[in-house]
Amino acid sequence: MRKPRDYDAELQALNDKAKQLRTRKQTQLGELVIATGADALGTEVLAGVLLAAIGNDDPTRKEAWRKRGAAFFQSNANTRRSAGKDAGGAQAIDPGAQPAAGAQGPA
């Protein structure tokens with residue numbers, strides 16, 4: 001005869017795993033905020049920037065952000081602190097802003 005399954009133990013194990021994943025995700029998000037230097041922004045500013053990015057439906061702008069993010073992760077630690085401080089830094093801080101003339105993206 002087979003041993004009966006302990007559904008309560010399996011469910012508890014799944015809940016524990018889900019909690020670990022949520023904690024790791026939250027930790028990684030905090031590390032990302034610090035690594036990009038966004039921790040220097042006020043909480044309201046950072047929330048506003050993220051909300052503007054979520055509400056932006058322009059695929060060209062999202063692709064430009066994606067490329068910039070990929071470049072950030074591929075760069076070494078010395079150049080990470082300067083990310084967003086170049087001429088295009090306003091886009092990193094204000095994702096809802098229109099790009100300057102001659103900049104990548106629709107005008």
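I began with Phe73, which is exposed, with a relative accessible area of 51%. The model I am reading is a predicted one, and I kept that in mind for every entry below.

I then looked up Phe72, which at 9% relative accessibility counts as buried, since the cut-off for buried is under 20%. I searched for aromatic pairs and found that the count comes to one. That pair is formed by the rings of Phe72 and Phe73, whose centres are 5.4 Å apart and whose planes stand at 75 degrees, so I noted the pair as edge-to-face, given that planes over 60 degrees apart are placed in that class.

**The helix that holds them.** I turned to helix H3, which runs over residues 59-74 and has 16 residues. I checked its length: at 1.5 Å a residue H3 should span 22 Å, and its end C-alpha atoms are 22 Å apart, which agrees. Next I asked which residues of H3 are buried, and I listed Arg61, Ala64 and Phe72. These three cover an arc of only 80 degrees around the axis, which puts them on the same side of H3. On the face of H3 turned away from this buried side I found the exposed residues Pro59, Phe73 and Gln74.

**The start of H3.** I followed the chain back to the beginning of H3, where a side-chain oxygen of Asp58 reaches to within 3.1 Å of the backbone nitrogen of Thr60. The backbone nitrogen of Asp58 is in turn reached by the side chain of Asn56, at 2.7 Å. I located Asn56 in the loop between helix H2 (43-55) and H3, and I recorded that, at 10% relative accessibility, Asn56 counts as buried.

**The chain as a whole.** The secondary structure comes to five helices and zero strands, and read along the sequence the pattern is α-α-α-α-α.

Methods. Residues numbered from 1 in each chain as written. Predicted model: local features only at pLDDT ≥ 70, side-chain atom pairs only at ≥ 80, totals over all residues. Heavy atoms only, no water. Helix = DSSP H or I, 4+ residues; strand = E, 2+ residues; numbered from the N terminus. Phe/Tyr/Trp six-rings, centres within 6.5 Å; stacked < 30°, edge-to-face > 60°. Buried < 20%, exposed > 50% of the residue type's maximum accessible area, 1.4 Å probe, protein only. Expected span 1.5 Å × (residues − 1). Arc of directions from axis to C-beta. Polar contact = N/O pair within 3.5 Å; in protein donor to acceptor, adjacent residues only side chain to side chain.
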